[in-house]
Amino acid sequence: MKENQISENLKKEIELCGKTKTEIAKELGISKPTLSQYISGKIYPSLPTFAKLCQIINCSSDDILGLK
């Protein structure tokens, strides 16, 4: 799995969830710029943060990681 594919999958899942990036960042307890860095692939969340992000946007980690 290429890193840019993970970023693309995350971006797609965020668009599909129907929440704004501001709402997602607030629920996750991070800043919007940090969320933007996750989406762009500049930085990656810790595993607990990644798991919470998946819950917030209602998707499987497999969807983001491209394991399905």
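Tutor: We may begin with a single residue and its surroundings. Leaving aside its neighbours within four places in sequence, Ile64 is in contact with Ile6, Asn9, Leu10, Glu13, Phe50, Cys54, Ile57 and Cys59. Please bear in mind throughout that this is a predicted model.

Student: Which residues of the largest nonpolar core touch the most other members?

Tutor: That core has 16 residues, and those touching the most other members are Leu10, Ile14, Ile24, Leu35, Leu53, Ile57 and Ile64. Two or more residues come from each of helix H1 (3-17), helix H2 (21-28), helix H3 (32-40) and H4. H4 supplies the largest share of this core, with four residues.

Student: How should I read the packing of two helices?

Tutor: In general, a packed pair of helices is described by two values, the angle between the axes and the distance between the axes. In this model, H2 and H3 pack at an angle of about 105 degrees, and their axes are 9 Å apart. Angles of 65 to 115 degrees count as roughly perpendicular, and H2 is therefore roughly perpendicular to H3.

Student: Which residues of H2 and H3 meet?

Tutor: From H2 there are Lys21, Thr22, Ile24, Ala25 and Leu28, and these meet Lys32, Leu35, Tyr38 and Ile39 in H3.

Student: At what angle do H2 and H4 pack, and how far apart are their axes?

Tutor: The angle is about 130 degrees, and the axes of H2 and H4 are 10 Å apart. The two helices are therefore oblique to each other. Their crossing is right-handed. Here Ile24, Glu27 and Leu28 in H2 meet Thr49, Lys52, Leu53 and Ile56 in H4.

Student: Is Glu27 buried or partly exposed?

Tutor: Glu27 has a relative accessible area of 39%, so Glu27 is partly exposed. The class runs between the limits of 20% for buried and 50% for exposed.

Student: What does the side chain of Thr49 make a polar contact with?

Tutor: Thr49, which is placed in helix H4, makes a side-chain polar contact of 2.9 Å with the side chain of Ser46. Leaving aside neighbours within four places in sequence, Thr49 is in contact with Leu28 and Tyr38.

Student: How far apart are Lys12 and Asp63 in sequence and in space?

Tutor: Lys12 and Asp63 are 51 residues apart in sequence, and 9.8 Å apart in space from C-alpha to C-alpha. Lys12 is in helix H1, and because its relative accessibility is 44%, Lys12 counts as partly exposed.

Student: Finally, how should I read a residue in a loop? Where is the place of Asn58?

Tutor: Asn58 is in the loop between helix H4 (47-56) and helix H5 (61-65). Its phi is near 55 degrees, a positive value in a residue other than glycine. Because Asn58 has 72% relative accessibility, Asn58 counts as exposed.

Key. Residues numbered from 1 in each chain as written. Predicted model: local features only at pLDDT ≥ 70, side-chain atom pairs only at ≥ 80, totals over all residues. Heavy atoms only, no water. Buried < 20%, exposed > 50% of the residue type's maximum accessible area, 1.4 Å probe, protein only. Polar contact = N/O pair within 3.5 Å; in protein donor to acceptor, adjacent residues only side chain to side chain. Contact = heavy atoms within 4.5 Å. Core = buried A, V, L, I, M, F, W, Y, C linked by side-chain atoms within 4.5 Å. Axes fitted to C-alpha atoms, helices over the stretch in contact; angles between N-to-C directions. Parallel < 35°, antiparallel > 145°, perpendicular 65-115°, else oblique. Left-handed = near helix turned anticlockwise from the far one by under 90°.
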